Amino acid sequence: MTQLIKEVKISKNLKAYALSTALSFMFGFAFTQPNFAQNLNVINADRESNKEARMLLAADELIYDRDVNTITARGNVQIEYDGNRIVAKKVTYNQATGRVMAEGEVEIVQADGSKIYSDKIDMTEDLGEGFVNSLRAETADNTRFAAESAERSAGQMTVFNNGAYTACEPCYQKPDREVLWQVKAKRIIWNGETKTMRFENSRFEIFGVPVAWFPVFEMPDPTVKRKSGILAPEFSYKNNLGFGVRNSYFWNLAPNYDFTLSATGFTNQGLLTEGEWRHRLENGTYNIRFAHIYQINPDDFDYATIDRHQDNRYMVSTKGNFNINSSWTYGWDILAQSDRNFSRTYDLEGYKEDVVRSQIYLTGLSGRNYFDMRFYHFEVQDSMLKNSPNERNSRQPWVLPRLDYSFTPEESVFGGELTFNANLQSIYRDRADFAFADWQGVALNSPRLAGMAGYSGRLTADVSWKRSFITQGGLVLTPIVALRGDGITTNADGNYNGYSRSNHYTNVDIASDAFRGMATAGLELRYPLLFTAGNSTHILEPMAQIFIRNNEQYAGRLPNEDAQSFVFDATTLFQRDKFSGYDRVEGGTRANVGIRYSGNLNNGWSLHALAGQSFQLAGKNSYQQRDFVGVGSDSGLETARSDYVAMVGASNQKGFAIASRGRFDEETGAVRRGEIEVSQNWSRVWASSQYAYIQSQPTYGYSQDRQEVSVQGGFKFANYWSITANTSYDLVSDTFVKTGTGLNYLDECFGFTVGYEQTRNPWENEPSHKFGFMLSFRTIADFGQTL
């Protein structure tokens, strides 16, 4: 029996013992701290050690045997250094051989959270080489290794013998049950230098059943986010394209730039080639993309479509965003393509929407101050031929540029808030955007000039001031003053003529140069009343506004580019100017009155409501002054006494919510615009529905009523399993404009999705069909493509 020359026992109550110098002495200065931390990171090799960190040891006994030249820590051994920890029943260091032996339920926890379990670990003093018996490892991203044994050499290479790899968690009730998927291999070679895992003589198993065999395959290790190689294939289906299979190769050329080349084979149209270059710099990123196809069966598309008459189709695009400093950014998003519908037809990511905006921008933000300048152009992606009367793309403007600036001083001005806003807009259009019929082809009472040909420009400056006063009785008074000026120039040399309904020409009178001014003096009154009843609270707040202004100048004689969208409802009732843009301005004396309510009940319900009306008291009603697009017509504000507007909503803590908004005729109370939304979330079921009704606005471009109802829902019918469905139905045209369903499975390591979607525009005879399918094996690959 070995004679113990010196024995040191440490109390079990001692949790940690500083040994940054003692271990160096006992281990003969061989067991150096930096090497310990560096090589302990078997899985997270990117982490740098802290050379100033101290090493801590806790054990029941610490034994120094001079005869065999060993140091042994025994009983509840814990060694900690720089966030790493070793736990074992016994750790022995042999000074003669320079090896460290950890035995008995060994657990290594690395600083990133990765864990290694074993019965016995035999390693060199710097942990660079060693042998592990009955290994189990869990990485920080919840992946798992198991092996009969593992060997580590050269501080970089780890070989797992008869190993298995998975991202699935074992069943806690039945730990011997097979996981959903795993890769088993004769050898798994983990190369810390190249950051790869090589599987030799491997098989892919699902629930323990082999489904694929690979003599050799290699993949990045769990710490790698980017690595060159073949990406998983994607699958798709679309009516006129057929089934598509997409294969891609990714080149990780450097840590900050890469290139991806993709090829998609469509059964109907041939080979689509795509490429993308991405580059990250110190202050931003940019990319360059291209796509090309030579259609082999263009006749599969409808005859009266641009897709039918194009063979050689392509696109080039680029995006960029860069920070000048903490306040300023600039960037771009530009698309150029052979024809206006290519990207939409082939669902090119980022450019498949109906309307795409190419732009260059500069933005600044500091506190409450804002600056934004953009040069942009809209591209309408539709399948209509260029000579179609409803074709819109050739009539889209070039905005060169649009500038918005807002400034609010941090210090109050005369005790109130001063705000300055400016807007510059410069527009060029090749062709006048005349519309003689609505989107359903029904003739309009008179043509709409949505955009004039040639050049138009406007510079707007608006300064406003307001301050709130609260009386002893609780009445809140807010005086408001504002001054605005617009300098406008247009190219009015062209004689803009359009057919009226009687087929007679109507001339459009456009003012060439104009200055428009608007001075406003206003007062807002609010009287919030608080009521309490039991544990519930209610706030009732009557409100009134009056704005005294001069009349809008040149109404109906200036282009309207940015104020064409107009909705009067409860959300816009108390706006000083209800137009959506700067090209129109509200004039005359107007009063807005209403009442607002909010309440919280003790049973978890929350309520809110708002109702009111607007009155034109004096001067010309801007909403009665028809412009070139009919904004304000049939809006509910065109009469001296407006329609009634209201909104009401309720929600509770159990996931239910309902909200409704409406506009009602000021004489009959008939609904002229109505919307309702309702939703409910349960633990396993969710559902929502929306309904919208808008009465016809023939002068505004909508000669028929608009009604649509939408329903969405989902049901989690089992753990990890769910089904979703949605539909949108146009009640006027009796058309299901969109219908879709999907089946989904998602757990910690595997995902499965299959979906179907049908879309149909009311004016189209045939619907469009799309299928989506995706298999996702976490950390391995995703196969397929979602909708």
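1. Strands here (E, at least two residues) and helices (H or I, at least four) are DSSP runs, numbered from the N terminus. By that count the protein has three helices and 47 strands. One of the strands, S20 (residues 312-323), holds Val 316, a residue that comes up again below.

2. A quick word on what you're looking at: this is a predicted model, where local features need pLDDT of at least 70, side-chain atom pairs count only at pLDDT 80 or more, and totals for chains, interfaces and linings use all residues. Residues are numbered from 1 along each chain as its sequence is written, and side-chain values use heavy atoms, with hydrogens and water left out.

3. On the overall picture, 43% of the 787 residues are buried (buried is under 20% relative accessible area, exposed over 50%, partly exposed in between, with a 1.4 Å probe and protein chains only). Take the contacts (heavy atoms within 4.5 Å) between residues at least 6 apart in sequence: 51% of them join residues at least 24 apart. The accessible surface is about 39,800 Å², and carbon and sulfur atoms account for 54% of that (Shrake-Rupley method, 1.4 Å probe; for residues, only the protein chains shown count as cover).

4. The structure has one disulfide (a pair of cysteine sulfur atoms within 2.5 Å), and it links Cys 168 to Cys 749 with an S to S distance of 1.9 Å. Cys 168 sits in the loop between S11 (157-166) and S12 (181-191), and Cys 749 in the loop between S44 (735-746) and S45 (750-759), so the pair ties together parts 581 residues apart in sequence. The S-S torsion is about 85°, so this disulfide is right-handed. Cys 168 is buried at 1% relative accessibility, and Cys 749 is buried too, at 2%.

5. Next, have a look at S17 (residues 257-266) and S18 (residues 270-281), which pair in the antiparallel sense over ten bridges (pairing takes at least two DSSP bridges). They form a hairpin with three residues between them. S18 also pairs antiparallel with S19 (residues 284-294), again over ten bridges, in a hairpin with two residues between the strands. Thr 273 in S18 is the bridge partner of Ala 263, and Thr 273 stands opposite His 292 in S19.

6. Lastly, Ile 230, Tyr 249, Trp 251, Leu 253, Leu 261, Ile 288, Phe 290 and Val 316 make a nonpolar surface patch of about 710 Å². Patch residues have over 30% relative accessible area and no salt bridge; nonpolar side chains (Val, Leu, Ile, Met, Phe, Trp, Tyr) are joined within 5 Å, like charges within 9 Å. A salt bridge means a Lys or Arg side-chain nitrogen within 4 Å of an Asp or Glu carboxyl oxygen. S16 (242-254) and S19 are the elements giving two or more residues, with S16 contributing the largest share, three. Val 316 counts as partly exposed, at 45% relative accessibility.
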